Amino acid sequence: MFNPVSPQGLAISNVFILTLLIAAVIFALVAGLVIYIAVKYRGRPGAVDPEPNFGHTRLEIAWTVGPALILAVLLVLTIKAMGESDPASSDASARAANVASGQQASDQPDIVVIGHQWWWEVRYPGSGVVTANEIYLPTGKRMLVRLESADVNHDLWIPQLGRKMDMIAGQPNYITLEADVQGVYPGACSEYCGVEHGKMLIRAIAVNPQAFQSWEQQQKVAAPAPPAGGNAAVGAQLFAQKTCISCHAISGTAANGRAGPDLSHLASRQTLASGVIPNTPKNLADWLKNPQIIKPGSYMPNLQLTDGEVQDLVAYLETLK
Ligand code: CUA
């Protein structure tokens, strides 16, 4: 909230800070008066009760009109910030109008984010890239994002980039994501969605437009083919046999499950289990060994893998750059 990196986030931050300052002044005024009166009129031996005061017209007008004015100013600024922080609906209708007038081939959004219990599917319809739990953004570009849900209601919120927005099955919502400064911006699900709601983290990764393009190119190509020999080759076989493929997709292989995250370029991602642990070979092994310890209630089952099987699977998955 205090460190926005987009015009949308700045609009919200400005109203938030102003409201906080006004509230701080009012708090100091009220608390100061209470302390002053409590000290000045405290009970002393032999003191008589002070004279009661019934009605003070000017004071009463002041404390009615003053707050009303403050609220009116905040209302105007809030309505203005609401417009500035949420250009998505006008972006979406502008695209629809462009398509209608033939200036644009399609009105698809730049990014589609789909909430799942308890992870995020992230799709780039223009390039066909599918990833999970991180949203790459080119700096300085306003990205139109469509939000959906595969199950219950979720809510996407990346505070430094702007407003939050509900993700509702069958009712797509639109949001604008923009980051003007390179960096990694943490976000989280902000709508209670079940036992692992608190472990449904996401991050926006803003890189310069050239770096974004090379990222998209790299994600677009099919997953590297399984190596011919060694642990990784055994791991690739295990992946196909151990029912991993019923839930996960790896492009260029028989794995095309959609219930869990696409793993085609898993090794290029920063985190595992929706932002809960850093993506390291050790953490990946712990996750495969027993996901329920890291994320109790997760739909990733404990497959009762032996340590050897875990090592082979990790060796294979680490090749998926
Ligand atoms: Cu998803 Cu809370």
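Where is A254 found? In this predicted model, in which local features need pLDDT of at least 70, side-chain atom pairs count only at pLDDT 80 or more, and totals for chains, interfaces and linings use all residues, A254 is found in the loop between α5 (230-241) and β11 (271-272). Residues are numbered from 1 along each chain as its sequence is written, and side-chain values use heavy atoms, with hydrogens and water left out. Helices (H or I, at least four residues) and strands (E, at least two) are DSSP runs, numbered from the N terminus.

A254 counts as exposed because its relative accessibility is 65%, where exposed means over 50% relative accessible area, buried under 20%, and partly exposed in between (1.4 Å probe, protein chains only).

Elsewhere, five strands in the order β4-β10-β9-β6-β7 form an open sheet of mixed pairing, two strands being paired if DSSP finds at least two bridges between them. Because β4 (134-138) and β7 (165-167) each have a single partner strand, they stand at the edges, and one side of each is left without a neighbour in the sheet.

Strand β10 (residues 201-207) pairs with β9 (residues 183-189) in the antiparallel sense over six bridges, and with β4 in the parallel sense over five bridges. Five of the seven residues of β10 are buried, so this strand is largely enclosed by the rest of the structure.

| Residue | Bridge partner in β10 |
|---|---|
| Y185 | A204 |
| I135 | A204 |
| V184 | I205 |
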